[in-house]
Amino acid sequence: MRSITAFSAVAALWLASAGTGMAASSLTVLCGVDEMWCAAMKTAYETKSGLEISVTRKSTGDILNQIRAEKSAPTVDVWWGGTGDTHLQAGSENLLEPYQPAHQRDMLPWAQNFFAMSGGRSAGIYAGALGFAYNADLLRELKLPAPTCWKDLTDVAYRGRVQSANPNSSGTAFTTLATLVQLFGEDEAFRYLAALNRNIERYTPSGSAPIKAAARGETLIGISFMHDAVTQKQAGFPLVIVAPCEGTGYEIGAVSIVKGAKNIEEAKRFVDFALSPEGQGTGAASGQNQVPSNAKSRLPLAAPDISMIKMVDYDFATFGSPEERSRLLRRFGAEIAATN
């Protein structure tokens with residue numbers, strides 16, 4: 001816990017400086033993972049390369065919107081982290097540059113498949129299962145039953161006690177939306193979301209925010225990726241992590257080079273580093289618990305064993321397409337978000 005606290009101080013200093021801009025930076029990276037990992041990766045790459053780089057943390061949907069808006073004059077070189085279906089959408093919109101990374105042959109099969117699916121435009125760097133977690137102390141204090149399934153979260157007992165992210169800004173939340181559609185069928189999924197909406201306290205911009213709120217006791221239940229909940233539990237918070245009984249989806253976090261990047265050669269070197277055991281080791285070093293994609297990388301000791309979790313056969317091709325993503329987000333906005 002002390003080491004995580006110490007690193008938090010470093011991350012806070014990094015975040016304070018990130019917004020000021022770095023005129024001398026040789027590479028500009030938008031980061032879609034936790035702030036602590038963004039900071040660790042920046043430090044590790046600067047140490048290895050001897051260069052100063054600019055790293056800014058944003059939610060995945062916001063990154064995609066920025067890259068779209070800057071299509072004619074990109075200010076970003078690399079998009080590192082965030083859910084793979086969003087990277088696939090950017091690739092299908094011709095916003096990303098194809099690249100064959102140095103470590104591609106060391107990638108695990110799911111990462112090899114993702115790279116092929118992207119047409120060589122995005123490489124998988126980690127995987128993680130979706131789920132939720134509840135604050136055990138708060139649950140006991142409120143004398144409420146422990147949820148074990150997605151459908152438990154619609155119980156009136158949890159009215160105003162659940163947080164989830166907004167799929168318009170959060171890749172995590174879009175993965176949740178796509179997972180529910182694949183589990184239940186689209187119409188049943190939206191009926192479920194309407195029932196869940198009555199229990200939602202707030203929709204957060206960031207995918208990890210609901211878990212952090214549950215950890216602090218600000219809400220009872222947070223929907224997020226399970227590895228984010230493990231990180232909070234390791235820090236000493238009283239979370240119980242749940243793999244929903246009906247099954248769940250998963251993400252492949254990715255790294256991509258932005259088409260038209262000004263620092264293309266340095267961007268390629270960054271991608272190579274991100275896929276190396278050294279680069280992927282920055283995750284565990286900063287308290288993260290995703291499963292790394294490089295077969296030679298060390299698995300974090302507390303990483304959820306995704307082979308033991310009931311998973312949907314997540315359809316990245318369909319839910320990474322611009323048409324399907326946009327259609328589902330429009331329906332969510334019309335039927336769900338407008339009521340909360």
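A residue is called buried when its relative accessible area is under 20%, exposed when that area is over 50%, and partly exposed in between (1.4 Å probe, protein chains only). Helices (H or I, at least four residues) and strands (E, at least two) are DSSP runs, numbered from the N terminus. The structure is a predicted model, in which local features need pLDDT of at least 70 and side-chain atom pairs count only at pLDDT 80 or more, whereas totals for chains, interfaces and linings use all residues. Residues are numbered from 1 along each chain as its sequence is written, and side-chain values use heavy atoms, with hydrogens and water left out.

The protein chain is divided into domain 1 (27–128 + 251–304) and domain 2 (130–249 + 326–336), with bounds that come from an automatic or database domain assignment. Between the C-alpha centres of the two domains the distance is 26 Å. Domain 1 gives 19 residues to the contact and domain 2 gives 19 residues, where contact means heavy atoms within 4.5 Å.

Helix α9, which spans residues 209–216, is mostly covered, since six of its eight residues are buried. These are Pro210, Ile211, Lys212, Ala213, Ala214 and Ala215. Glycine 217 follows α9 and has a positive phi, near 80 degrees.

Two packed helices are described by the angle between their axes and the distance between the axes. Axes here are lines fitted to C-alpha atoms, for helices over the stretch in contact, and angles run from 0 to 180 degrees between N-to-C directions. Helix α10 (residues 226–234) packs with α9 at an angle of about 30 degrees, and the two axes are 9 Å apart. This angle makes α9 roughly parallel to α10; angles under 35 degrees count as roughly parallel, over 145 as roughly antiparallel, 65 to 115 as roughly perpendicular and the rest as oblique. The crossing of α9 past α10 is right-handed. On the α9 side the contact is made by Ile211, Lys212 and Ala215, and on the α10 side by Asp228, Ala229 and Gln232. Sorted by class, the residues of this contact comprise three nonpolar, one polar and two charged. In this scheme Ala, Val, Leu, Ile, Met, Phe, Trp, Tyr, Cys and Pro count as nonpolar, Asp, Glu, Lys and Arg as charged, and the others, Gly among them, as polar.

Serine 164 lies in strand β6, residues 162–165, and is buried at a relative accessible area of 7%. Apart from neighbours within four places in sequence, serine 164 is in contact with Ile200, Arg202, Tyr203, Thr204, Pro210 and Ile223.

From α2, Met41, Ala44, Tyr45, Lys48 and Ser49 meet Glu266, Arg269, Phe270, Phe273 and Ala274 of α11. The contact of α2 with α11 has six nonpolar, one polar and three charged residues.

Phenylalanine 273 of helix α11 is buried, at 4% relative accessibility. With residues up to four places away in sequence left out, phenylalanine 273 touches Met41, Ala44, Tyr45, Lys48, Glu278, Gly279 and Gln280. Threonine 47, in helix α2, is by contrast exposed, with a relative accessible area of 64%.

Most residues other than glycine have a negative phi. Asparagine 94, however, has a positive phi near 60 degrees; it is found in the loop between α4 (84–92) and β4 (96–97) and is partly exposed, with a relative accessible area of 37%. Lysine 143 likewise has a positive phi, near 55 degrees. This lysine 143 lies in the loop between α6 (136–142) and β6 and is exposed, with a relative accessible area of 76%.

Key: A crossing is left-handed if the near helix is turned anticlockwise from the far one by less than a right angle, and right-handed if clockwise.
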